[in-house]
Amino acid sequence: MAIASALIIGAVTGCGSTNANSGSNTENTTAESDASVVEKSTTESSSMEATNEVSIEDAGAASSEEVAAKTSSAPEGVTVKGITERNDEMRDISPMELVAEMKAGWNLGNTFDATGSDGLSAETSWGNPKTTKEMIDAVCEKGFDSIRIPITWDKHMGEAPDYTIDSAWLDRVEEVVNFALDDGMYVIINSHHEEEWRIPDNAHIDDVDAQHRALWTQVAERFKDYGDHLVFEGLNEPRVKGGEKEWEGGTEEGRACVNRLNQSFVDVVRATGGNNEKRLLLVTSFASSCIKEAIDGVEIPSDDHIGVSIHAYTPYAFTYHPGESWELFIWDGTHNNEIAQVMNDLQKTFLDKNVPVLLTEYGAMNKDENTVAVEKWVTAYILRARLKGIPCFWWDNGIYNQQGEKFAIFDRKNLKWYREEVVDALIKESYAE
Ligand code: GLC
């Protein structure tokens, strides 16, 4: 019942309701059982607290004022990376090494991905304020060292065959990318709500592929001199809207079309040369889903700098489902295994083959202020991802109490945190060792 309605809601909301199948699958096939994970977590947290005392005092060159600012923003007892110097190098390191440097990720959602208008006003068309350097600084100081910037290019592109991107839109995106790079963060440029035209089926794929290539050629050209802190993610939840198995891994045809788009994204970015020859490029599954059928269908392009981007709002009943069930309000660990299952599947499918995975979207909605439950859930989630070496990017769309998907943790208008206990738990677990 719950699963059936979760699927329906998923289809309506556009969430990659990947958890629909993972929830029912209790088979834990890797050596690490869920019980051992929990045990490890307890040991780790106490040793982490012991070392943190030292690391805060050790904050080095920072003035005492800076240290105070840092400790008041970051959760108590945790030394976060905070704002560091910009690094424009393109190092000769493997994708696994690069991804291992990322601690905690945050999405600048419902901003450049908004489809409300063309022109620069699109940025604020879904109700979020214009992005400022102060906002990015606050996110970074809290401990998020990585940021995903979802961007919809659709209304900002001209006609075929050139599909010229509006240079003012690209300039503004570049400005915000630089806000984060200037803080020493890792930045993912993602091409987001293109699903109205980027339809992965045989009837559309030739035209779609031409536009997709034109899009990524232009974006890649603009950023080809940037260092390895900048990552490109070719697609977001690519799927046929309302189509067969939209949130259940798609059809064979759909998966083949997504593989074609993944490959052409890699081809055109590499062809622009410069640092793009070695830039980390993220490919994805049908609908960016983490269910087995979807991830098993991903053909990894043959290339030395590839990672996989997946979305997992797991378990969906807890993170998202607005119906009446116990999962709405509490997190008592009963469902930890569903999270472990997703991580194990990602490990076997990608990590074991040396292909890093980034969970570029996860999060849990605010449901009647169930903050304590979300705090427990996010600790359980990040722990299991961290043990596999998977960085996670919280989906923050700026919506907390208003109508809509209430995923926000950061109050961008006031530079404060909603559900600060959740954010602190998230950061603390991300920095545990
Ligand atoms: C996907 C959608 C976005 C939605 C989010 C959470 O990223 O593109 O619109 O808010 O998932 O459901």
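Let me begin with Gly 143, which takes a positive phi of about 130° just after helix α6. This is a predicted model, in which local features need pLDDT of at least 70, side-chain atom pairs count only at pLDDT 80 or more, and totals for chains, interfaces and linings use all residues. Residues are numbered from 1 along each chain as its sequence is written. Helices (H or I, at least four residues) and strands (E, at least two) are DSSP runs, numbered from the N terminus.

Helix α6 itself covers residues 133-142, and its buried residues are Met 135, Ile 136, Val 139, Cys 140, Glu 141 and Lys 142. Buried here means that 20 or more other C-beta atoms, placed from the backbone, lie within 10 Å of the residue's own.

I turn next to a helix pair. Helix α8 (residues 205-223) packs against helix α9 (residues 252-271) at an angle of about 30°, their axes being 9 Å apart. The axes are lines fitted to C-alpha atoms over the stretch in contact, with angles running from 0 to 180 degrees between N-to-C directions. The two helices are therefore roughly parallel, a term for angles under 35 degrees.

Finally, consider Gly 398, in the loop between β8 (392-394) and β9 (410-411). Is Gly 398 buried or exposed? Gly 398 counts as buried because it has 22 C-beta neighbours inside 10 Å. Its C-alpha atom is separated by 6.4 Å from that of Asn 128, 270 residues apart along the chain. Leaving aside residues up to four places away in sequence, Gly 398 touches Gly 109, Asn 110, Gly 127, Asn 128, Ala 408 and Arg 412, contact meaning C-beta atoms within 7 Å.

Technical notes: Buried ≥ 20, exposed ≤ 12 C-beta atoms within 10 Å, placed from the backbone. Parallel < 35°, antiparallel > 145°, perpendicular 65-115°, else oblique. Contact = placed C-beta atoms within 7 Å.
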